[in-house]
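Let's take a walk through this fold, starting with the overall layout and ending with some charged pairs. Keep the viewer open as you read.

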Amino acid sequence: MLALVAVAALAGCSMFEEASKSDTAKAQVGDCINVISGSAADSETEPVDCSSEKAVYKVMDVHDTKTECKEEYTSYEETLNGGTTAFLCLAPNFKEGACYNESPTTGYKSVDCSAPEASFKVTKRIDGETDEFLCDTAAIGYRIVPDPKMTFCLGSPQS
């Protein structure tokens, strides 16, 4: 499971925790998130409309403490003074025809298909099914999300 982390460098009492949460940390189940930049120590993210190509992740679970997310999900954790203030479980929300960069430390990020950092292009998105055999033989890979059921067929960014 990949993890996105955001660290708030504010000192203060717990009554300021909610006010100091980022817009991402205030996201609700069903909202979508864009990753602007990511690192293992601190990520920059923002909530976006789920129909946007930049809506890389969809919020599946929201917690106030660190927890375990399903294996195919990415997590987002926001901390303040060393304690978790928000913990989100995020499912991929790839768009058909869009390209993404995949990093083992920071997860997925929407990128232009001509960008050198483009890892793959989603050639087909199948909602309601979890079957890699629905991808055509030209696919170079796939991603399966069991809940909600989604199959993403992947191709070369240049295709």
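Predicted model: local features only at pLDDT ≥ 70, side-chain atom pairs only at ≥ 80, totals over all residues.

The chain has one helix and eleven strands, and the order from the N terminus is β-α-β-β-β-β-β-β-β-β-β-β. Of its 159 residues, 42% are buried. Take the contacts between residues at least 6 apart in sequence: 55% of them join residues at least 24 apart. The chain exposes about 8,100 Å², with carbon and sulfur atoms supplying 50% of that.

Now pick out β4, residues 57–63. It pairs with β2 (residues 32–37) in the antiparallel sense, over two bridges, and there I33 sits opposite Y57. β4 is also joined to β6 (residues 83–92), again antiparallel, by six bridges; here H63 faces F87.

On to the charges: the structure holds four salt bridges. One of them links the side chains of E77 and K66, at 3.9 Å from N to O. E77 is in strand β5 and K66 in the loop between β4 and β5, so this pair ties together parts eleven residues apart in sequence. E77 is buried at 12% relative accessible area, whereas K66 is exposed at 59%.

Another salt bridge brings D147 and K70 together at 2.6 Å. Because D147 lies in the loop between β10 and β11 and K70 in the loop between β4 and β5, the pair ties together parts 77 residues apart in sequence. D147 is partly exposed, at 38%, and K70 is partly exposed too, at 37%.

Technical notes:
Residues numbered from 1 in each chain as written. Heavy atoms only, no water. Pairing = 2+ DSSP bridges. Helix = DSSP H or I, 4+ residues; strand = E, 2+ residues; numbered from the N terminus. Buried < 20%, exposed > 50% of the residue type's maximum accessible area, 1.4 Å probe, protein only. Contact = heavy atoms within 4.5 Å. Areas by Shrake-Rupley, 256 points an atom, 1.4 Å probe, with all protein chains shown as cover.
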